[in-house]
Structure formats: C-alpha cells, structure tokens
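Thanks for coming. I will go through some side chains in one structure, so please have the sequence and the model open.

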Amino acid sequence: MKRDKEYQGSEGNVPVYSELEKWGWESRYLKGLFYSHEWCPARVISQERGIYEIVSQTGITHAVVSGKFRYQTETVSEYPAVGDFVLVEPNEKGQAVIHQVLPRKSVFVRKAAGTAGKEQIVAANVDIVFLCMALNRDFNLRRMERYISIAWDSGATPVIILTKSDLCEDLEIKKSEIENIAMGIDILVTSSMETDGYRSVLPYLQEGKTAALIGSSGVGKSTLINHILGEELLATNGLRSDDKGRHTTTHRELMLLKGKGMMIDTPGMRELGMWDAAVGLEKSFEDIEELTRFCHFRNCTHQTERGCAVRAAVERGALSEERFLSWKKLLRENAWSEDRESCLSAKENKFKEISRINKSRRKGRY
C-alpha cells in the first residue's frame, strides 16, 4: 500500500489524543518516529491467543499484527503485550492491524511456564508493580525474592502487598522477615475482612499511571481490585481445603480505574522463572553484592575459596544460609536463560535467512 504522507514525531507536530491520555498515553512515545498518516496510536488492554483488544482515540476494538510485523519479529518479547502502546491501521469493517510496538518504558518479563525455555511478557509500560503474597500457607520468602528481582529489572517500582492478614497469627514476625529481604521497598498489609482493609493501597494509584498485580493464585488480587472499584467487577474464589488459592483470573487485562489510573490484573503464577534479570538480581540482593566486593579473589564463586567474604558472613550468622542459596540459585537460573536466549535468537535468524534464500531461488526459476 502506498503511503503519500508520513509524520515524524516531535514536540510540534504530534497530534493530540485526549481520549487515550486517560489510558496513560504521552506524546513522547512518538517522538522521533516516522509513521504513516493512516496509522494511529492505541494501547493493548487484553490478549487472547493472536487476537488483541486495543483502545484508541475512537474507542475499543480488536486487532491483529500485520504479516510484515510477524515476519520481521525475531523473539516472542517483540510481540505486543498487555500495556503496550502500538501503532495501528484502523479498519471500520473488521479488525485493526498492528504495525509497530512503541518503545516500552518498563516491561515485566518471566521465563514462560513449561520446558520450552522462552520468555513471556507479563505486562508493559507499568509504573507500579504490586507484588502480592498471602499471609497463610502461600507465604514464601524465597518466592518473594524472585518476585523482587524480576520487578526491579522491569523498570517499574515494586511495592509489596501482604494480603489476608486476618488469617495470620504472627503478623509482625512475617512482616519483619519480608523487611529483611525487601530493602527500599514499601510494604503494605491488607485484609478483605475490614471495610478499609485496602485503604493503604490507594495513594499509589494515580490518574495516568499504570499499576500491575503479580502473585500466586488465590492471594486476593481480584478481591483487591473489587475493593478499589467499590463493586464486584471481577469474580473471586475462596480457598481450597489445603489453604491454596483457586485460579480466578484467566488472562491479563488492563482496566481503567475511575480517577485512580489503570490496573493490570494477571493470572496466578505457579512458576516465575528468571529471564535476563541481572540488574534486578543486583538490586534485590544488594546486601550480598556488597559482600562480594570484599572477597579475596575477583572471580570468587563463593564455594570453597580462601578469603570469601560471602561464605564468612554465612558462617558468622550475618547472612542466612537460605538467602545465600536462593541468590546462587537465581544467578544460575538467570545465566541459563541468557545463554538460551542467545541460542534461540541465532537459530531463528538462521532459519529466516534460509527461508529468504529459498524464496529468492524460487523467483529465479520463473
């Protein structure tokens, strides 16, 4: 299709999209970009397989990615995800076509569940990520360390929400344990049994800002959103007989909260694998990273080396063995994912080049 005009995003000539602004839109997303006059910005609010639900200046509609986009995309993380701003070509008679994903200011990535070894975008362009954990049998410090590492790496600001405090008999002990591994992170305690049990969350919700809820099944994410909205918009389920939660949310969805910005609700995660989160690991394990500076050997593996400051801290009780082992485990897992990502990208590029050559040869026969 011939395009007779292109815009280049700059302060002077970016059109105003007032209806999209309440969904977090800012003109800077287009700054410096060339794009067709037939395209307009939109935000992805949900996804079901290859079909996206988007909101634009003209309202909510469905969209699919273009064939060219699909062909040029090298990794799964380059596809649109909930929270992404995209450039679309509207279609009054059917689905809009997504041509481009605009640069993300933050992105929450995990290793996809299963053994395929691929990355998965949980949410994009998030300002605040609420890390939810229930104060019952769901409580797990090692899992929270994992959440914190990935959250810091995303570029969003993590806030911990400890839910179901009414079910906890040792609240102060558990809160203290979380404080010891969550340096520099705000910690909120909530309860669904009190009318104002979620009031502490409200100051973090601001117009034009996007928050996301991350946590296991049944920790109370949907209940929290219902309390914020003041209505039973989302279905909720009780606990199973083993005190574990049931899946309620089945897909990621971006919701507009009147006067309180936006919220992305996500399905409960049984697995939250590391994926290229080195920066987040350094931030969430700052105490151990600081100790490594005092190791005798620069390439210390913190196992049996002489003069290892980390092992010394463990032996004298300044660092718990559990936290040390958790750090080592997450480092190994992250290193594996980085190697795997490089391998998969090279493999995909190889087959795309083979496909291009074969297509060129077929054209040469005729």
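Helices (H or I, at least four residues) and strands (E, at least two) are DSSP runs, numbered from the N terminus. What you see is a predicted model, in which local features need pLDDT of at least 70, side-chain atom pairs count only at pLDDT 80 or more, and totals for chains, interfaces and linings use all residues. Residues are numbered from 1 along each chain as its sequence is written, and side-chain values use heavy atoms, with hydrogens and water left out.

Let me start with Lys 328, which lies in helix H9, residues 321–364. Lys 328 is buried yet has no salt bridge. Buried here means under 20% relative accessible area, exposed means over 50%, and partly exposed is in between, with a 1.4 Å probe and protein chains only. A salt bridge is a side-chain nitrogen of Lys or Arg within 4 Å of a carboxyl oxygen of Asp or Glu. For charge, Lys and Arg count as positive and Asp and Glu as negative, while His and the chain ends are not counted. For Lys 328, the nearest side chain of opposite charge is Glu 305, 7.4 Å away. What does Lys 328 touch, not counting residues up to four places away in sequence? Thr 301 and Gln 303, where contact means heavy atoms within 4.5 Å.

Side chains of opposite charge can pair when their charged atoms come close. The count by this rule is eleven salt bridges. One of them joins Glu 145 and Arg 323, with the closest N and O atoms 2.8 Å apart. That pair links distant parts of the chain, since Glu 145 is in helix H3 (residues 141–154) and Arg 323 is in helix H9, 178 residues apart. Glu 145 is buried, at a relative accessible area of 1%, and Arg 323 is buried at 4%.

Arg 323 also meets Asp 287 in a salt bridge, 3.0 Å from N to O. Here the link runs from helix H9 to helix H7, across 36 residues. Asp 287 is partly exposed, with a relative accessible area of 29%. Together with Arg 142, the residues Glu 145, Asp 287 and Arg 323 are linked in a network of salt bridges.

Next, the aromatic rings. Rings of Phe, Tyr and Trp (its six-membered ring) pair if their centres lie within 6.5 Å; planes under 30 degrees apart count as stacked, over 60 as edge-to-face and the rest as tilted. That rule gives seven aromatic pairs. Tyr 17 and Trp 25 have ring centres 6.0 Å apart and planes at 90°, so this pair is edge-to-face. Trp 25 and Phe 85 are also an edge-to-face pair, at 5.5 Å centre to centre and 65° between the planes. Trp 25 sits in the loop between helix H1 (18–21) and strand S2 (34–36), and Phe 85 in strand S6 (residues 85–89), 60 residues apart. Trp 25 and Phe 85 are both buried, and Tyr 17 is buried too. Tyr 17, Trp 25, Tyr 29 and Phe 85 form one aromatic cluster.

Last, the backbone. Most residues other than glycine have a negative phi, and most peptide bonds are trans. Arg 49 has a positive phi, near 55°, and lies in the loop between strand S3 (40–48) and strand S4 (51–56). Is Arg 49 buried or exposed? Its relative accessibility is 79%, so Arg 49 counts as exposed. His 302 has a positive phi near 60°, but His 302 is buried, with a relative accessible area of 8%.
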